[in-house]
2 protein chains.
Amino acid sequence: MPATEAINVLDAYLDRTRDQRLTDYVEVLRIPSISTLPEHSNDCRRAAEFVAGRARAAGLEHVEIADTGGHPVVYADWLHAGDAPTILVYGHYDVQPVDPLGLWVKPPFDPRVEHGRIYARGAADDKSHVMMHIQAAEAWMATRGSLPINLRYVFEGEEESGSAHLDAWLEANRAKLSANLAVVSDTGFFNGNLPAITVGLRGIMFAQIDVAGPDIDVHSGTFGGTLRNPATALAHVIAGLHDAEGRIAVAGFYDDVRPLTRLERAEMARLPFSDAEYMAGLGVDALWGEGGYTTLERRWARPTLDVNGIWSGFTGVGAKTIIPAQAHAKISCRLVPDQEPGRIFRAIRDHVLRVAPPGVRVDLTLIHGGRPLLTSIDHPAVRVAATCLREVFGDEPLYIREGGSIPVAASFDSVLGLPVVLLGFTPPDDNEHAPNESMRLDNYEGGLRTVVRYWEALAASLVR
Amino acid sequence: MPATEAINVLDAYLDRTRDQRLTDYVEVLRIPSISTLPEHSNDCRRAAEFVAGRARAAGLEHVEIADTGGHPVVYADWLHAGDAPTILVYGHYDVQPVDPLGLWVKPPFDPRVEHGRIYARGAADDKSHVMMHIQAAEAWMATRGSLPINLRYVFEGEEESGSAHLDAWLEANRAKLSANLAVVSDTGFFNGNLPAITVGLRGIMFAQIDVAGPDIDVHSGTFGGTLRNPATALAHVIAGLHDAEGRIAVAGFYDDVRPLTRLERAEMARLPFSDAEYMAGLGVDALWGEGGYTTLERRWARPTLDVNGIWSGFTGVGAKTIIPAQAHAKISCRLVPDQEPGRIFRAIRDHVLRVAPPGVRVDLTLIHGGRPLLTSIDHPAVRVAATCLREVFGDEPLYIREGGSIPVAASFDSVLGLPVVLLGFTPPDDNEHAPNESMRLDNYEGGLRTVVRYWEALAASLVR
């Protein structure tokens with residue numbers, strides 16, 4: 001696909017405006033919009049206002065900071081492209097917490113550019129994509145005065161805390177969200193800046209286990225040996241969640257798992273992936289997981305159960321000789337088609353309550369859930385995206401899955417009935433959800449140019 | 001034993017000075033001398049200075065705030081009783097941490113008197129005994145100008161953090177600590193204010209387990225299912241420390257345990273103890289522990305292994321979808337004769353390192369240890385103490401053991417070669433090491449009068 005004149009003009013414009021665009025990107029990264037921590041509520045609103053302001057400046061219309069009951073959704077649209085397709089674009093302006101803060105080389109909300117990367121919490125996940133989309137529209141409007149497609153932005157502020165209010169907001173605004181396609185930009189590449197299109201996402205079920213023993217912490221000498229220790233009981237519960245082969249030992253857990261086909265397994269096996277390099281990147285000397293599957297299969301196409309946090313009793317320096325009154329754990333499952341978060345929560349709750357030992361009281365609470373998603377490589381909108389990626393990045397894109405979850409991607413399918421293309425550009429070594437998150441600037445610039453082309457290519461395609 | 005004239009005068013003096021004595025007691029309870037927390041170092045020194053000042057005011061000599069390398073020992077003596085026995089008295093002025101602070105009805109260092117009790121951290125453990133001893137000497141000196149025995153005080157500031165520097169200090173000061181008997185006051189009664197003498201103490205081994213996985217916290221979606229989760233690995237290690245019968249599943253752990261004799265078991269079975277009341281007091285609906293032993297046997301004469309604290313990953317409100325880089329637990333064993341803390345630590349370390357799964361690195365660190373102690377009911381100094389307790393409290397004392405540990409009690413035996421009497425007066429429901437610690441004031445006053453009598457009775461006895 002040779003570049004059209006419009007694209008040549010757009011590329012030149014993007015080259016010219018690079019410094020100003022980077023300044024804008026840095027500015028949004030300064031806002032600590034950590035959605036899961038109540039003390040950052042105002043920062044989430046500030047981030048929403050910033051994004052809304054930039055969307056307005058780019059030429060988008062009906063810009064709205066929409067109340068959801070939680071952190072707001074930023075909505076904006078431009079609908080003057082006649083019978084060209086209407087694209088609903090999704091990204092999120094909220095970010096993960098930053099602890100352990102001590103491991104950040106520089107403060108997480110003081111962005112710095114170094115070695116071709118920009119370092120800050122949210123630099124990749126997902127403010128990069130929000131800014132790319134706004135800057136892509138701005139470039140079209142500045143050079144052509146219009147967009148080749150109709151566009152609706154839905155930029156969320158609760159993705160990192162489970163998108164608790166988004167489904168209800170989508171339901172309530174179904175009428176004004178009519179579109180032909182959802183483009184969800186919250187994924188990334190597989191290998192450096194070799195382009196990739198994500199065609200599968202795992203779902204999620206996040207829960208808390210609370211174990212209560214004696215009314216108060218008691219002296220471990222006076223009482224030790226006579227009562228069930230809640231921390232030990234919790235350890236027993238957690239240790240019993242997997243069997244020796246790494247399978248999840250919960251009745252019914254695998255019932256709805258769609259098996260990998262021979263073809264899917266063959267395609268994954270062809271991808272450039274090395275267990276040794278993967279281990280070196282993590283700093284571990286062995287991998288672990290469900291028996292009978294490769295590492296990539298376990299990351300992308302098999303469900304998991306992990307402890308995300310655990311706490312009980314005395315955790316300071318030195319010694320405190322108590323039996324803790326309570327013990328707590330946060331656990332989460334990654335789900336694959338066709339597992340349903342609520343059903344998985346109930347299976348785990350039933351299992352845990354059944355194995356919970358006498359002498360302690362055990363409760364489980366569902367914190368949030370999201371469905372898995374699998375899209376077809378053959379969808380015209382996926383094929384058009386592949387063409388644009390190849391043109392900008394110079395290589396045929398890989399078709400990959402993502403072990404992470406974007407619950408809303410499944411919602412666009414299930415609530416709005418839209419086909420979903422997952423179009424994202426972050427590098428695999430971006431440290432998202434971890435200290436020293438970063439985004440490669442060449443991926444950022446390439447992503448922006450891919451979006452610019454994608455709108456034109458979709459207008460010329462059969463996607464309606 | 002009818003009260004002597006001296007005792008009658010002393011009792012009258014103690015009645016008269018009660019308000020002033022309570023004021024002094026309250027004053028030492030205001031000092032947050034938490035020895036395990038570095039930020040309270042100055043408070044530990046303030047508590048030492050307060051105790052030293054009161055000992056000096058009581059008429060003790062050679063009062064010294066002795067440097068130990070950690071928190072100081074307060075030493076004082078009075079050695080003008082000729083060939084009467086010399087008694088080394090031990091107590092400690094440091095206290096346990098106060099978390100969880102939210103469960104305290106009133107601030108822990110703002111003492112209040114209510115319902116015949118004084119509430120504050122340290123009110124029982126162990127500032128009550130330190131103040132009783134000083135006030136008992138003060139009463140003798142104020143009414144008679146002398147003591148009937150020679151007295152040496154050793155009031156420690158590191159009991160709650162493992163007495164790390166005390167053994168070395170005892171060794172270095174062996175010459176000036178010569179005595180006929182050690183009276184260790186850090187124990188209590190078994191049932192309300194029915195008097196009791198403790199004849200057995202468990203030892204302790206306190207350690208930390210550190211589990212390290214990936215270099216940093218990683219995204220549980222992107223990486224979940226492929227690597228060992230340090231929190232799950234720690235749960236496996238902890239769950240494997242006990243077998244299904246509640247026995248500690250560590251090779252060699254029970255090798256040095258002195259079995260209970262038939263007589264010891266019979267005596268424990270005679271004590272007024274109800275599992276149902278014990279459960280109600282703790283707020284639990286079932287007890288648990290090593291099979292084949294009664295609750296009292298498990299508390300006093302069988303070794304234990306408990307988790308005192310555990311922490312890993314995200315512990316805030318809401319969700320953070322990470323696999324934690326590290327997980328940690330504090331564990332401790334209560335030991336019985338003739339278990340040795342260092343040997344037990346090595347047995348547990350060897351076991352844990354053997355069962356630690358690949359993919360994580362596991363380390364164990366010994367935080368502190370103390371030997372168990374068993375004294376004979378037939379020792380003359382124990383029989384004299386029993387007589388004094390009966391005279392003051394009106395009942396024959398029970399002979400009990402204590403599940404807790406006073407490592408220094410074993411040190412007086414092993415380092416200084418002294419017989420040890422455990423003479424303490426705290427009630428069983430004092431919430432020591434827990435929120436809302438309290439001391440019964442009638443136990444306090446009775447304890448004081450028992451000590452006053454004990455000095456005179458020991459002078460008349462054969463203890464030399």
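## A loop residue with positive phi: N436(A)

In this predicted model, N436(A) sits in the loop of chain A that runs between strand β17 (420-422) and strand β18 (438-440). Although N436(A) is not a glycine, its phi angle is positive, at about 60°. The residue has a relative accessible area of 17%, and because buried means under 20% relative accessible area, N436(A) counts as buried.

A second residue of this kind is H115(A), which is not a glycine either and has a positive phi of about 50°. H115(A) belongs to the loop between β4 (112-114) and β5 (117-119) of chain A.

## Cis peptide bonds

Two peptide bonds deserve a look in the backbone. In chain A, the bond from P337(A) to D338(A) is cis, with omega near 0°, and D338(A) lies in the loop between β13 (326-335) and α10 (341-355) of that chain. In chain B, the bond from D99(B) to P100(B) is likewise cis, with omega near 0°, and P100(B) is placed in the loop between β3 (86-92) and β4 (112-114) of chain B.

Helix α8 of chain A covers residues 275-282, and at its start a side-chain oxygen of S274(A) comes to within 3.3 Å of the backbone nitrogen of A276(A). Just after the helix α8(A) comes G283(A), whose phi is positive, at about 80°.

## How the two chains are related

## The interface between chain A and chain B

Where the chains meet, 83 residues of chain A are in contact with 83 residues of chain B. Between them the two chains bury about 7200 Å², and 54% of this area is on carbon and sulfur atoms. T226(A), W288(A) and K320(A) supply 9% of the area that chain A buries against chain B, which is more than any other three residues supply.

How many salt bridges does the rule find across the interface of chain A and chain B? The count is 0, while 45 residue pairs are in polar contact between the two chains. On the side of chain A that touches chain B, strand β11 (residues 304-313) gives the most, with 9 residues. By class, this side of chain A has 33 nonpolar, 33 polar and 17 charged residues.

## T226(A) at the interface

T226(A), one of the three residues named above for their share of the buried area, is located in the loop between β10 (218-219) and α6 (230-239) of chain A. Is T226(A) buried or exposed? Its relative accessible area is 0%, and T226(A) is therefore buried.

The side chain of T226(A) reaches the backbone oxygen of F223(A) at 2.7 Å, and a polar contact of 2.6 Å joins the side chain of T226(A) to that of Y278(B). When neighbours within four places in sequence are left aside, T226(A) is in contact with Y278(B), L287(B), W288(B), T295(B), R298(B) and R299(B).

Conventions
Residues are numbered from 1 along each chain as its sequence is written. Chains are lettered from A and ligands numbered from 1 in the order in which they are written. This is a predicted model: local features need pLDDT of at least 70, side-chain atom pairs count only at pLDDT 80 or more; totals for chains, interfaces and linings use all residues. Side-chain values use heavy atoms; hydrogens and water are left out. Helices (H or I, at least four residues) and strands (E, at least two) are DSSP runs, numbered from the N terminus. Buried means under 20% relative accessible area, exposed over 50%, partly exposed in between (1.4 Å probe, protein chains only). Contact means heavy atoms within 4.5 Å. Buried area is the accessible area (1.4 Å probe) that two parts lose on being put together, summed over both. A salt bridge is a side-chain nitrogen of Lys or Arg within 4 Å of a carboxyl oxygen of Asp or Glu. A polar contact is a pair of N or O atoms within 3.5 Å; within protein, one must be able to donate a hydrogen and the other to accept it, and residues adjacent in sequence count only if both atoms are side-chain atoms. Ala, Val, Leu, Ile, Met, Phe, Trp, Tyr, Cys and Pro count as nonpolar, Asp, Glu, Lys and Arg as charged, and the others, Gly among them, as polar.
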